[in-house]
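The sequence and the structure come first, and the description follows.

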Amino acid sequence: MAYRFILFEVDQGVARITLNRPDVLNSIHTAMSAEIRDALARAGREREIRAVLLTGAGRGFCAGQDLDEVRPGAAVDDFAAHAREVYTPLVRGLRTLEKPVVCAANGVAAGAGANLALACDLVLAAEEASFVQAFAKIGLVPDTGGSFFLPRLVGLARATALAMLGEKISARQAVEIGLIYRACPAASLGEEASQLAIHLAAQPTLGLGYTKRLLNAALVNDLDSQLELEAELQGAAGRSSDYAEGVAAFLAKRKPVFTGQ
Ligand code: T3D
């Protein structure tokens, strides 16, 4: 698929996906969502890609749904169908991709844009960035997995306040309440996020993928089921080439060279 609304490049094992509609703060419409989905599927398929970096062009990360596309009287009038087509596959794509996904939130992340960030594995944000559950302000409900991830990340009390008040919080506040991983100066965000993604791309990809599967399951599993899944995936990880390389390198007191297999 040729991309018009995102940029896609692969370098040093990292697929960089840049939301690229800066004039409207990278708000998402149906065609852009299809492109992001395609890019995530490609990242899953291609063996040379071992990590993903998601960011936005211009001063915003993503302002959520393009409100022009869903304004009253516009072609999109069934929000349930629209959510299933546009947002559900993005969250599934991010969470089922068994490779690490770093989000570099370069600016405001609103509505579905905020929750798109939260569906990534490690969220870095520029200190100038902010997060806002904008849905309440326009009579909608948190989607794009927000109602699932928010209470699990920050607890029910804070999730309720964020979702019902729709207040913008800074990147620093987001770190303090456990919503995201780190905040850093805007000038160094690109470099820090790239270095993190490049580092992850050189790690044991299968093991990290299984780790992601475990963490996904831990959000819903009971302890016994989780212990069983840990055992099963440890079995699989123990058969990987990267495990053999990791142990050999440790014993030989040298740096491991992981292939992701
Ligand atoms: O069908 C379904 O499934 C519905 C699903 C909905 C999921 C959702 O995401 S609902 C939530 C949608 N998003 C919002 O409600 C956020 C709307 N935007 C804002 O509140 C503000 O723009 C921000 C807080 C994000 C940033 O404010 P600020 O002051 O930094 O920027 P701005 O001036 O408001 O925006 C800059 C431009 O982007 C402006 O265009 P202009 O005036 O320069 O021509 C603005 O209209 C445009 N823009 C911002 N957000 C959107 C947008 N255009 C379309 N859709 C947007 N979401």
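## A salt-bridge network

Asp121 counts as partly exposed because its relative accessibility is 28%. Buried means under 20% relative accessible area, exposed means over 50%, and partly exposed lies in between, with a 1.4 Å probe and protein chains only. The model is a predicted one, in which local features need pLDDT of at least 70 and side-chain atom pairs count only at pLDDT 80 or more, while totals for chains, interfaces and linings use all residues. Residues are numbered from 1 along each chain as its sequence is written, and side-chain values use heavy atoms, with hydrogens and water left out.

Asp121 and Lys212 meet through their side chains in a salt bridge, at 2.9 Å from N to O. This pair links distant parts of the chain, 91 residues apart: Lys212 belongs to helix α8 (residues 205–218), and Asp121 to the loop between α3 (112–118) and β7 (122–126). A salt bridge here is a side-chain nitrogen of Lys or Arg within 4 Å of a carboxyl oxygen of Asp or Glu. Helices (H or I, at least four residues) and strands (E, at least two) are DSSP runs, numbered from the N terminus. Lys212 is buried, since its relative accessible area is 4%.

## Other salt bridges

How many salt bridges does the structure hold? There are ten. One of them joins the side chains of Arg254 and Glu245, at 2.8 Å from N to O. Arg254 counts as partly exposed because its relative accessibility is 42%, whereas Glu245, at 17%, counts as buried. Salt bridges with shared partners also join Arg95, Asp121 and Lys212 into one network.

Strand β1 (residues 6–11) pairs with strand β2 (residues 14–19) in the antiparallel sense, over six bridges. Two strands are taken to pair if DSSP finds at least two bridges between them. Leu7 has Thr18 in β2 as its bridge partner. The hairpin has two residues between its strands, and Gln12 takes a positive phi near 50 degrees there.

Glu9 and Arg16 form a salt bridge, with their closest N and O atoms 3.9 Å apart. Glu9 is partly exposed, as its relative accessible area is 43%. Arg16 also counts as partly exposed, at 25% relative accessibility.

## The four-stranded sheet

Four strands make an open sheet in the order β4-β6-β8-β9, with mixed pairing. Because β4 (60–62) and β9 (169–170) stand at the edges and have a single partner strand each, one side of each is left without a neighbour in the sheet. The pairing of β8 with β9 is antiparallel and runs over two bridges, and Phe131 stands opposite Ile169 in β9.

Val108 is found in strand β6 (residues 108–110). Val108 is buried, as its relative accessible area is 17%. Leaving out residues up to four places away in sequence, Val108 touches Leu25, Arg59, Gly60, Phe61, Cys62, Ala129, Ser130 and Val132. Contact means heavy atoms within 4.5 Å. Val108 and Ala126 are 18 residues apart in sequence and 9.4 Å apart in space, C-alpha to C-alpha.

## The nonpolar cores

The largest nonpolar core has 65 residues, and Leu19, Phe61, Phe131 and Leu179 have the most contacts inside it. Helix α7 (residues 186–201) gives the most to this core, namely six residues. A second, separate core has seven residues, among them Tyr210, Ala217, Leu233 and Ala237. A nonpolar core is a set of buried Ala, Val, Leu, Ile, Met, Phe, Trp, Tyr and Cys residues joined through side-chain atoms within 4.5 Å.

Beyond its neighbours within four places in sequence, Phe131 has contacts that include Ala105, Ala109, Val123, Ile169, Leu179 and Ile180.

Which residues make the nonpolar surface patch of about 350 Å²? They are Leu67, Phe79, Ile138 and Leu140. Patches consist of residues with over 30% relative accessible area and no salt bridge; like charges are joined within 9 Å, and nonpolar side chains (Val, Leu, Ile, Met, Phe, Trp, Tyr) within 5 Å. Accessible areas come from the Shrake-Rupley method with a 1.4 Å probe, and for residues only the protein chains shown count as cover. Leu140 sits in the loop between β8 (130–132) and α4 (146–154), and counts as partly exposed because its relative accessibility is 37%.

Phe250 lies in helix α10 (residues 241–251). Phe250 counts as exposed, since its relative accessibility is 64%.
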